[in-house]
Amino acid sequence: MDIFLQLITSGFLVGGIYALIALGFVLIYKATNIINFATGEFMMIGAYIFYSLMVYLKLSPFIGFPIVIICAALLGFLVERLILRHMLGQPNISIIMVTIGLGSILLGLAEIIWGSSFRSFPPLFPRKPIILGEIVLRSNLFYGFLMAMVVVVVFLLLFKYAKVGVAMRATANDQMAAFSMGINVKTMFTISWAFGAIAASLGGIIIGNIGGVQPTLGHIGLKIFPIVILGGLDSIIGAVLGGFIVGIVENLAGGYLDPYFHGGVKDLAPFVVLIFILLIKPHGLFGTKEIERL
Amino acid sequence: MHIGDFKETYSSDQAVFINATSRFWLGVLFAVLFLFPFVAGDYLLFMANLAGITIIGAVGLNILTGFTGLISLGHAAFIGVGGYTAAILSTRFDLPFLLCLPLSGLMAAFFGIIVGGPSLRLKGLYLCIATLAAQLILEFVFVHWESLTGGIRGMNISPPQIFGYVLDNDFKFYFVTLVMVILCVTFARNLFRTRVGRAFIAIRDRDISAELMGINLLQYKTYAFALSSFMAGISGCLWVNFLKTVTPEHFPLMESVRYLAMVIVGGMGSILGSILGAIFMTIVPELISTFLGFLVNIFPTAMSFLFPLQQVIFGLLIVIFLVFEPHGLAEIWRRIKNYFHLWPFEH
């Protein structure tokens with residue numbers, strides 16, 4: 001029972017961090033209908049920039065975070081302006097491939113700049129493990145979870161109340177209507193990419209702080225797909241819930257099944273769950289069911 | 001030079017090779033392909049085999065993605081299924097190569113049907129992610145079902161034989177590859193002159209309209225998956241028999257991405273495009289490594305950049321092609337051809 005509780009809680013905490021990354025993905029998808037296969041690479045770049053600021057420039061994290069946020073926004077902005085703006089109206093597959101190509105470029109560049117060796121962050125949070133009854137939680141995970149939740153809540157509030165957020169929701173809902181209401185749809189695309197990149201890179205920092213940074217950090221990006229598909233591609237609440245579900249599922253599967261399969265189940269389990277969910281609900285748990293007309 | 005196509009019957013309009021000029025050049029191409037191994041060195045032969053095997057896989061993926069509009073991120077896994085089937089059949093059951101070839105195709109097609117089954121309900125991006133899941137699950141099976149697949153170490157097989165004739169070098173294998181490529185390409189080219197092929201195109205253009213016109217979506221989408229994976233299986237079988245070894249590392253997600261890249265760089269919905277794309281994607285990485293190897297001789301420190309730089313160039317190629325030439329190499333080829341059609345009297 002102890003192990004079960006332990007696995008569930010740490011899965012829940014990891015899930016919160018996934019939720020943040022998935023949020024970044026859904027932000028982009030909702031506004032622009034683009035599946036961003038480079039999300040994992042955005043995370044990695046964010047983590048590396050933060051690492052460089054902390055280690056090479058010896059800045060305090062409180063200065064580091066805003067700089068990373070600005071850099072990420074800039075990255076999102078550039079990617080949208082230079083590449084994806086040209087892809088408007090192209091078929092899905094072309095757009096998917098462009099983001100895959102982009103991921104490949106970012107991955108290669110990161111390896112050229114920072115090398116392929118493993119680096120760990122200087123301690124950000126107090127080292128002492130958090131003890132809740134019989135459950136012991138790694139402090140990095142716990143504080144990382146709190147941070148992710150804060151960012152998620154900020155994003156959600158931004159959507160609900162800020163003018164930009166309302167405009168973004170309007171754009172996602174109906175581009176033509178939004179356009180005729182005086183919303184600059186193209187700007188909204190750019191802003192969505194910037195927000196998406198910010199969410200991804202903050203998630204990258206949190207993950208990097210738990211497990212260290214290396215170019216392959218971006219592989220975690222693959223986990224986004226079960227998360228967002230579970231929740232439904234265009235649902236923000238779905239992304240957050242999907243994050244928690246995947247976090248818990250993979251931890252349970254890893255804890256109980258890995259010994260029988262010599263590892264690897266942890267990364268696979270979300271995809272197996274994904275397939276079953278898709279067979280029952282083809283648009284995920286909260287996705288909008290598209291009504292097609294001729 | 002030839003000027004104008006004047007068609008008087010439907011059958012001449014639907015002919016694969018519209019006129020004598022194209023038949024002539026096709027003859028020249030066959031002659032060159034047949035004579036190629038007698039002049040080419042070992043390295044070129046190796047590359048030619050690789051390119052041929054890749055062409056079969058790329059044509060298969062183009063049937064699914066380019067012609068039917070179903071995006072698959074699991075093509076490498078299907079190739080893997082074909083490869084493993086071939087390896088298991090030839091080592092465990094001592095089946096001859098000529099029997100392994102269709103059987104691996106059928107096995108891959110079977111897996112393709114299983115994965116493609118839900119494609120009636122799953123559309124667009126959801127299907128794409130489902131095939132991604134299939135890729136990862138199959139990859140997991142390749143690594144972890146050790147008693148069958150040999151795990152990470154994989155399996156080694158002995159050189160294939162055809163009626164007692166051992167294909168133990170690249171030269172001999174080249175002719176097998178060549179025949180298979182010609183068979184597959186001819187099949188694919190003709191497929192789109194039949195009811196099935198046209199149904200695929202109708203589904204790609206708009207599946208609901210296709211259904212209204214009496215095309216059974218489930219049936220034809222399943223056909224598309226089956227045909228595409230069958231070719232993947234053939235490609236996998238050739239691949240394994242050519243390298244005489246099979247390990248899970250040959251079929252990662254990145255390989256699926258590479259196949260998609262070939263289809264896109266070549267030109268979606270064009271058989272010629274997949275051929276050009278496959279050749280391009282086989283040769284360009286080699287050229288890059290040769291060039292970088294040259295650089296390493298001058299700057300020894302450049303060694304560590306070799307792999308990442310290759311990755312950057314691969315990404316750049318995809319992005320540049322998609323942004324500037326979305327119809328791919330096939331379109332470039334068409335433009336070049338048109339230029340020479342009326343050359344030197346352009347107007």
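Modeller: Happy to! Across the interface of chain B and chain A, the rule finds two residue pairs in polar contact, both at pLDDT 80 or more (a pair of N or O atoms within 3.5 Å; within protein, one must be able to donate a hydrogen and the other to accept it, and residues adjacent in sequence count only if both atoms are side-chain atoms). Helix 6 (124-144), helix 10 (207-212), helix 12 and helix 14 (306-324) of chain B each supply at least two residues to the side of chain B that touches chain A (helices are DSSP runs of H or I, at least four residues, numbered from the N terminus). Helix 14 of chain B gives the most to that side, with 12 residues. The residues of the side of chain B that touches chain A divide into 34 nonpolar, five polar and four charged (Ala, Val, Leu, Ile, Met, Phe, Trp, Tyr, Cys and Pro count as nonpolar, Asp, Glu, Lys and Arg as charged, and the others, Gly among them, as polar).

A word on the basis: this is a predicted model, where local features need pLDDT of at least 70 and side-chain atom pairs count only at pLDDT 80 or more, while totals for chains, interfaces and linings use all residues. Residues are numbered from 1 along each chain as its sequence is written, chains are lettered from A and ligands numbered from 1 in the order in which they are written, and side-chain values use heavy atoms, leaving out hydrogens and water.

In total, 43 residues of chain B are in contact with 50 residues of chain A (heavy atoms within 4.5 Å). About 3,900 Å² is buried between chain B and chain A, with carbon and sulfur atoms giving 80% (accessible area, 1.4 Å probe, that two parts lose on being put together, summed over both). In chain B, the residues B:Leu125, B:Tyr126 and B:Ile129 lose the most area to chain A, together 19% of what that side buries.
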